[in-house]
Amino acid sequence: MFIVKYIKDIFSGIKSLLVGMRRTGYYFTHHKEIITEQYPDNRDTLVMADRFKGEVVLIHDEHNEHACTGCTACELACPNATIKIVTKFDITPEGKKKKAIDKFVYHLELCTMCNLCIVACPTDAIKMAQTFEHSVYDRAELTKILNKPGSKIREGIE
Amino acid sequence: MFNPTWAMTIEMVIAGVSVIGLFAALGLVLVLMERRVAAWMQIRLGPNRVGPKGMLQSLADTVKLLVKEGMTPDGSDKFLFNLAPYIAMMVAMLLMAPIAFAKDFRLWDMNIGVLYITAISSIMVISILMAGWASNNKYSLMGAMRSGAQIVSYELSAGLSILTIVVLTGSLNITDIINAQADGWWIFKGHIPVLISFVIFIIAVTAETNRAPFDLAEAESELTAGFHTEYSGMKFALFFLAEYINVFIVCAIGATLFLGGWMPFHIGNWEAFNHVMDYIPSSIWFFGKTFFLIFVIMWFRWTFPRLRIDQLLNLEWKYLLPISMFNLLLVTAIAILKWHF
Amino acid sequence: MNNEELKTKITELLPSAIFDETGEWLNINIEPTDWLTFAGKLRNEDSLFLDYLFCLTCIDFKTHLTMVYHLSSTKFRHNIVIKSKLDFNNPEIESVSHIWKTAIFHEREVYEMFGVNFLNHPDLRLLILPDGWEGKNPMLKNFEDPVNMIKL
Amino acid sequence: MLEEIGTTTEGDLIINVGPQHPATHGVLHLVITLNGETIKKVEPHLGYIHRSIEKMCESLTYRQFIYVTSRMDYLSAHINNHACALCVEKGMQVEVPERAQVIRVIMDELTRIASHELWWGAMAMDIGAFTPFFHAFREREKINEIMEETCGARLTMNYYVPGGLMADLHPDFQKKVKAFITLFKNKIDEYDELITGNIIFINRMKGVGFLSKEDAVSFGCTGPSGRGSGLSCDIRKLYPYAVYDKVQFDEILETDGDSLARYMVRIREMKQSIRIIEQLIDNIPEGDFQAKTKAVLKLPKGEFYTRVETARGELGVYIVSEGATTPYRIKFRSPGFSNLSALDTMARGGKLGDLVAMMGTLDLVIPDIDR
């Protein structure tokens, strides 16, 4: 019957709408379900995952020493030419010339956090830091020199 | 000094100022309410930055809209483009007149209040069409055309469901309608037919105020922003405000006609209960009912997907209109046979 | 069908086809002039029914261009690869967009990226490059973009 | 073009949807010819986000080029990387350890669920329901957390390398994935309550954007878009890679060919992905996560083609090698590009509102189309 179908349609339609309204009504009254994080407010308690890829840093120990030999493996591994290593020659106490890094230039603005440089590094001198608030007012600030002033290579690293 | 002309003038100024004040206050409250309702339904917190618990968020928005440049596009019909938001606003203001906000408190007690409201609210479509046409933007024009078709058709079923109450009360005067509900609201007194007409009324006014799921005139994902695509700054804010005021007004009318306006909730012979209810001020009853209806309309918006234009018109002409016509017949029979309580 | 059966069947359809089985699938080298009639046969022959053109591309070998068509059958699940050498200076081949509609877009892409002229294509216009693009076709090996090249 | 300014000679309205438009979710540009509200023609204009990844890859080594492909279809980054890794492995004839294969499949399926979640929310938003978007993100966020913990990134992970994985799983991985499965199973019914059963939604979707099986094959529509038309095209079933031949799952087919069918395919596919993960999560074999490979990879002279099933359809990676450390020519057969080409056929005769539903259910990711 046409009329029966017509009325059935109306009621099934209204029912389907009410089911949806019940669901949103549930969330309207149950505030425990709220999932948003209050980001700048929770900075103190915010913990990023250990492996989060934020930016490349050169690891320095307490004696201001790093493990980078300047082999440029990371520079070659980088797909975007993010890393540029400028080397110099140090004079060792024995009077020999030894290659060492002068500047470890890192272009954060070009980096895509692909992790290939970390994998490529033979001496585990660099790692990914968990920082993520990278915004600055001038693009030039994103070009970083990773080796700290006065730092030198750790003993025993070839 | 105090002749009647002066008194009249002062009265009108007071009324005007209070209406504008009510407008501003309502706009702020409703926008905040909408955002809060949306946020909670979407498992978020909503505005919580400006002021305590984000209470001043809509104030901040208003300031932003006020200082924003109100651009008029080059190819637009400048006169109509600038006129349209004011017409939308004026319509919203005019609709305020016959509404009873509390016991014996209304701007204009006229004997054709219901007719006045249905007549004035139809003018709203003109401002939308004007805005859409004058913008010289295809999206705007399509939005306006959709809106025209939509408002004209949904006015029918909204009018018919209002008519059921008029039939039951036998008066077009809003005061009479409220007084007729002293012994119970129409939604309880009028059996199922009034309930049906109440549901139809809510659906129809949701469509008439261009709210989701009937927001085809704006249809963000289809027409970017529909008829107010080209508007910015305060001119946009006027449209925005007019939409919320319209929602308030249609809900106020719904509360007046079906839920007894400022009449408190009474149950038969429970004298004690009825007395407690009488202690609650009538304005609170009115605003409580109105805001409940507004909440329902917001609830619709944040739950349902949007209809397509042909489905929208199908719903009106194939479902709502026949049902409300049949319903009106039933109500008339009830009124004649005095079957209602 | 396995490769041997495909080979006999295809030799029937096009005696001049040269087969190459070094890759994963059967490679068939054909002359560009044979392509249109051969393609129609591949699509409509009941025992082959290669109705799904899943990859259409072009390779620039500096001396010549090679059109590569990867075809598959949704009924028999066999795949073949058709290759056709084009002249580098005047690359031209018949369009197959009426046989496999996906070729409409893919051929437009190859047209703008490699400059291959598809004869009888319904709508051979630039698809990805901006309107009014002048100069070389970007995917060719000898393309160099003097403006947008990033030098580090 | 003069036509694009106003109307055609027949008096039809020409509308530009995009490059900036809320429904295109990216920089897709569609020129639409309208007669009233009825669509007469849809003409896509592409290239606004074309980065020429194929040309870029010609100058990157086989280790480096994988990360670029995450940027094609960024919602199924893992699966894109998988395709490239498989292709390089096929060329080098490296045997990938069982453990790496299983982890890859789990990651792929998680990516697929995440992608479908986002699609669900975005599609619901397209047709006017805003709330589902946030509900979908709640579940997607859990997957992103899992990804972040193990792969170190949330969207473009670059976790696969030729020969296996970049790092081993995080110790919490299994626990978290199981927690996600429980959460997802609880919440999937809400999707039906909010959208699937909704009368307005069904009316918006049913019979909209019809694509016949013949057209789907001819246009090369794959993935859920093709399976909604009854075209069996799940590469995981037809040409199994990794450990897909060892797990039980169904290929979802709907025969209606309309938007509702495509919608249902994706919703049901999510449940199948959960099924695959459930089978594998407790059975990750011990062993290496990476095969021994040389520091500098070289592919022998030849041509290599791999097909994988991304969340959007069949992704083909075609590498032509001349024996060098970089590919000579690389071609990505992206699913979005072929799926988009069917839009014109689907949309003709529909309403403007239908176009949004069609674009929503085709699940277009613009960088995937432009590459």
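In the predicted model, the side chains of strand β1 of chain A, which spans residues 55–58, alternate between two faces.

Contacts between chains were examined next. Five pairs of chains are in contact, and among these pairs chains B and D share the most contacts. The contact between chains B and D involves 21 residues of chain B and 27 residues of chain D. On the side of chain B that touches chain D, helices α10 (220–223) and α14 (309–337) of chain B each contribute at least two residues. By class, this side of chain B consists of nine nonpolar, five polar and seven charged residues. Chains B and C, by contrast, do not touch; the nearest C-alpha atoms of chain B and chain C lie 23 Å apart.

Chain A also meets chain D, in a contact formed by 20 residues from chain A and 21 residues from chain D. Helices α1 (2–29) and α3 (116–120) of chain A each provide at least two residues of the side of chain A that touches chain D. The largest share of this side is supplied by α1(A), with seven residues. In composition, the side of chain A that touches chain D comprises 11 nonpolar, six polar and three charged residues.

Within chain B, the domain assignment gives domain 1, residues 1–67, and domain 2, residues 72–337. The centres of domain 1 and domain 2 of chain B, taken over C-alpha atoms, are separated by 20 Å. In the contact between these domains, 13 residues of domain 1 of chain B meet 16 residues of domain 2 of chain B. Helices α1 (4–41) and α2 (57–67) of chain B each supply at least two residues of the side of domain 1 that touches domain 2. Of these helices, α1(B) gives the most to that side, with 11 residues. The side of domain 1 of chain B that touches domain 2 of chain B divides into 11 nonpolar residues, one polar residue and one charged residue.

Note on methods: Residues numbered from 1 in each chain as written. Chains lettered and ligands numbered in written order. Predicted model: local features only at pLDDT ≥ 70, side-chain atom pairs only at ≥ 80, totals over all residues. Buried ≥ 20, exposed ≤ 12 C-beta atoms within 10 Å, placed from the backbone. Helix = DSSP H or I, 4+ residues; strand = E, 2+ residues; numbered from the N terminus. Contact = placed C-beta atoms within 7 Å. Nonpolar A, V, L, I, M, F, W, Y, C, P; charged D, E, K, R; others polar. Domains from an automatic or database assignment.
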